[in-house]
Amino acid sequence: MALRKLASQFACTTGLRVGISPALQACRESIWRSFATVSEDRKYAASHEWAKVDGDIATIGISDFAQAELGDIVYVEMPEVGSQMESGAVFGVVESVKAASDVYSPVSGEVVEFNEKLVEEPGSVNKDPFGEGWMVKLRLSDPSQVDSLMDAKAYEQKCASDDH
Amino acid sequence: MRPVVNLLRLRGVSILQQLRLEEALLRADPGNWCILNDGSATAAIVLGISGKSGELVHEEAAAAAGLPLIKRFSGGGTVVVDADTLFATIIMNAAALPDVECYPRPVMRWSELFYTPIFAPYGDFSLREHDYAFGERKFGGNAQAITKQRWLHHTSLLWDFRDVHMRLLKHPSKAPEYRAGRNHLEFVCRLRDYLPARELVFDGTAQALRTAGFAIKEVGLEEAGAALDRDYLRSTRVLEPG
């Protein structure tokens, strides 16, 4: 994350701010994308959600790459405790730049907790996507699904190939 | 072979019906769509997915005026719509526009380029902090929804409006910088003061799609409406008063 902050400061001080021009904004985003961090102790879905497993509980959020692409997040909609989530199905919505973007559960299970902090501080997803920006916790119904997710290295390669 | 966009031209369809149809086509249909609606038969106040009506709308006055509050499935702010609001919606598979990444800012940038040939001949057109404006005055709001490598970008354009309706909206806590504290009536403008005919918006949008390399297939409401019977996540709803 430190590299991203440095990149953001660079972008700002060199005038690469929102509203300067579409070309410069695209350049700014490319710089951010190049510095997206990947947390080693998580598994990743192709749709840029991550899962961290502890026993039969998976904590889920979106990656640094995803939060950078989405922009400043102003709202996070999360499922109620007790909801059943299916792997690949929509579990919530994030709003940024006037867009409501679906987020998908990388694994199946029952929602046991959602991050109440995000109700008042949705920007936590941008600031700390792997920490305070976590979204939901599921009790896994099929732990073997975790094995089909990408490890950090594979996800990092995917992000690099998505950057074009 | 050019990708196809299904073009649905409507007149006077209520905004609630339009939004429900759009949500169905985004989530439950695989095609690319352009929906053009010339006015909403019923006036309404439409909030984005995160909008809190108590903070954004003079609720009692809206109820007294008979305007329902509708929560839509896309992001963005609050608008008052009526028979003089023009609507243009694009629903696209990311693969149909491979140079436009399926994220909010690239889609927004694409939309400015898309609409420039339609509006630039009539005024100082630009995308100002995500609003369509002539100079410093907004004439169009837009919002987006993104799901599974498909995106929707919809726009409400103020051909004309009633001042009494605009006063039903509160000054939002988060306003674009270029609004500079102006009240709503000083902030917006009427398209009718710039364009000679409302049809120019609709014909221009269809032409812009052709220019962008799409083949247009005109479809009717019944064909489009088939998506409403499919299984998909529905979130557009009318808010209960109080």
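**View 1. The cavity of the predicted model.** The structure, a predicted model, holds one cavity of 30 Å³ or more. A cavity is a set of points, on a 1 Å grid over the protein atoms alone, where a 1.4 Å probe fits but cannot get out. The space in the largest cavity is about 110 Å³, the volume being that filled by probe spheres set on grid points joined across faces, edges and corners. Its lining has 15 residues, and Val79(B), Lys138(B), Leu158(B), Met166(B) and His184(B) lie nearest the centre; lining residues have an atom within 4 Å of a point. Two or more lining residues come from each of β5 (79-81), β9 (137-147) and β10 (150-158) of chain B. With four residues, β9(B) gives the most. Strands are DSSP runs of E with at least two residues, and helices are runs of H or I with at least four, numbered from the N terminus. The lining divides into eight nonpolar, six polar and one charged residues, where Ala, Val, Leu, Ile, Met, Phe, Trp, Tyr, Cys and Pro count as nonpolar, Asp, Glu, Lys and Arg as charged, and the others, Gly among them, as polar.

**View 2. The largest nonpolar core.** This core has 40 residues, and Ile90(B), Tyr115(B), Phe119(B), Phe139(B), Trp151(B) and Leu191(B) have the most contacts inside it. Helix α4 (residues 104-119) of chain B supplies the largest share, seven residues. A nonpolar core joins buried Ala, Val, Leu, Ile, Met, Phe, Trp, Tyr and Cys residues through side-chain atoms within 4.5 Å; buried means under 20% relative accessible area (1.4 Å probe, protein chains only).

View 3. Neighbours within four places in sequence aside, Ile90(B) is in contact (heavy atoms within 4.5 Å) with residues including Trp33(B), Cys34(B), Trp110(B), Phe114(B) and Leu209(B).

**View 4. Lys98(A) and its annotation.** An unreviewed UniProt entry annotates Lys98(A) as "modified residue: N6-lipoyllysine"; positions are given in the numbering used here, feature names are shortened, and annotations may be inferred rather than shown by experiment. Lys98(A) lies in the loop between β6 (90-96) and β7 (99-104) of chain A. Lys98(A) counts as buried because its relative accessibility is 15%. Residues up to four places away in sequence not counted, Lys98(A) touches residues of chain B, among them Met108(B), His130(B), Asp131(B) and Gln144(B).

**Notes.** Residues are numbered from 1 along each chain as its sequence is written, and chains are lettered from A and ligands numbered from 1 in the order written. Local features need pLDDT of at least 70 and side-chain atom pairs pLDDT 80 or more, while totals for chains, interfaces and linings use all residues; side-chain values use heavy atoms, leaving out hydrogens and water.

Technical notes
Buried means under 20% relative accessible area, exposed over 50%, partly exposed in between (1.4 Å probe, protein chains only). On a 1 Å grid over the protein atoms alone, a cavity is a set of points where a 1.4 Å probe fits but cannot get out, and a pocket is an open set with protein on both sides within 12 Å along at least five of seven lines; lining residues have an atom within 4 Å of a point.
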